[in-house]
Amino acid sequence: MSLIERAFLSIQHRPLKNSLLFLVYAGIACAFYVLFSIQNKLSNSLNYLNDALSFNQKNQITTTPSFKVLVSTITQQKQTLNHYLLLIAIVSIILLLLLHSFFLYQRKKELQNFILIGEKKKKVFTQIILENGIILNVALLSLMILLSFFARPITNQIQQLELNLIHSDQVAMTAKQQKSQISAEPNQSDSEINVTRFNTVLPIVNSEENFTVNFATTVQNYLGFVLLINAFIASSLILPALYFVQKSHSF
């Protein structure tokens with residue numbers, strides 16, 4: 001029997017535990033997908049805004065205060081999002097280490113039997129990696145199918161999350177700037193105050209260029225995302241798998 005066949009057979013013999021792993025993998029993948037999508041949108045917007053500001057400065061065009069507020073807001077929120085990504089990565093690694101260790105501990109007799117019948121430890125280790133890789137990639141495939149069927153509502157929700165993320169800070173910073181500049185700009189219009197990156201055209205005054213926001217609906221390279229998640233999950237599995245395979249003869 002090949003390793004692939006053994007891996008599938010082992011998955012079939014543990015439906016409840018592997019279903020739990022499937023849900024955990026799918027949840028972690030969804031969380032990272034949403035955060036990466038928002039980060040990608042913020043990065044694209046920030047690049048666009050910085051290019052627009054450079055264009056205005058180069059052509060000596062006056063930029064509205066709200067435009068600069070938006071740049072500052074997106075920069076701050078992008079940094080905050082990076083902190084959330086790091087925090088979720090750390091929590092996920094700890095959770096996966098505990099979960100993998102618990103499941104492998106429950107399989108200690110099975111691992112010992114493999115060693116007793118003369119199975120090489122390298123082959124047992126590879127089987128464990130294959131089992132979890134199959135479960136993970138089925139979860140990622142399910143996520144891709146979900147995205148293909150519900151791309152528009154999912155994109156709208158991610159866009160709304162991004163809008164909520166930057167809106168409150170932008171309003172506060174705009175109000176602060178208004179108070180300090182009210183004497184210099186008493187007739188500032190509502191369209192300038194309420195500038196968001198979701199406007200189709202940002203107020204680049206007197207510019208002949210038509211800068212528009214390019215909305216990203218999915219992660220640009222889904223294959224890259226899949227490889228990243230596979231590497232992330234593998235990093236939390238390798239150490240427990242090595243430990244329990246090496247110790248299997250002493251259980």
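Is the crossing of helix 4 and helix 5 right-handed or left-handed? Keep that in mind; the tour will reach it.

**Before you start**

This is a predicted model, in which local features need pLDDT of at least 70 and side-chain atom pairs count only at pLDDT 80 or more, while totals for chains, interfaces and linings use all residues. Residues are numbered from 1 along each chain as its sequence is written, and side-chain values use heavy atoms, with hydrogens and water left out.

**Stop 1: the whole chain**

Show the protein chain as a cartoon. You will find eight helices and zero strands (helices are DSSP runs of H or I with at least four residues, strands are runs of E with at least two, numbered from the N terminus). Of the 251 residues, 41% count as buried. Here buried means under 20% relative accessible area, exposed means over 50%, and partly exposed lies in between, using a 1.4 Å probe and protein chains only.

**Stop 2: helix 1**

Select residues 3-13, which form helix 1, and find Ser-10 there. Ser-10 counts as buried because its relative accessibility is 7%. Leaving out residues up to four places away in sequence, Ser-10 touches Asn-18, Arg-107, Glu-110, Gln-127 and Glu-131 (a contact means heavy atoms within 4.5 Å).

Now colour the buried residues of helix 1: Leu-3, Arg-6, Ala-7, Ser-10 and Ile-11. Looking down the axis of helix 1, you see them fall within an arc of 135 degrees, so they line one face of the helix. The arc is that of the directions from the helix axis to the C-beta atoms. On the face turned away from this buried side are the exposed residues Gln-12 and His-13. What do the buried residues of helix 1 pack against? Their partners are helix 2 (15-58), helix 4 (108-116) and helix 5 (121-149).

**Stop 3: helix 4**

Select 108-116 next. The buried residues of helix 4 are Leu-111, Gln-112, Phe-114 and Ile-115. Down the axis of helix 4, these buried residues fall within an arc of 155 degrees, so they too line one face of their helix. Lys-109 and Leu-116 are exposed on the face turned away from the buried side. Just after helix 4, click Gly-118, which takes a positive phi of about 95 degrees.

**Stop 4: where helix 4 meets helix 5**

Helix 4 and helix 5 pack at an angle of about 145 degrees, with their axes 9 Å apart (axes are lines fitted to C-alpha atoms, for helices over the stretch in contact, and angles run from 0 to 180 degrees between N-to-C directions). As for the opening question, their crossing is right-handed. A crossing is right-handed if the near helix is turned clockwise from the far one by less than a right angle, and left-handed if anticlockwise. Show the side chains of Glu-110, Leu-111, Phe-114 and Ile-115 on helix 4, and of Lys-121, Val-124, Gln-127 and Ile-128 on helix 5, which make the contact.

**Stop 5: the nonpolar cores**

Finally, select Tyr-25, Phe-32, Leu-140, Tyr-222 and Phe-225, the residues with the most contacts inside the largest nonpolar core, which has 39 residues. A nonpolar core is a set of buried Ala, Val, Leu, Ile, Met, Phe, Trp, Tyr and Cys residues joined through side-chain atoms within 4.5 Å. Helix 2 supplies the largest share of this core, 15 residues. Zoom in on Phe-32: among the residues that it touches are Leu-85, Phe-225 and Phe-232. A second, separate core of eleven residues includes Leu-111, Phe-114, Ile-115 and Leu-237.
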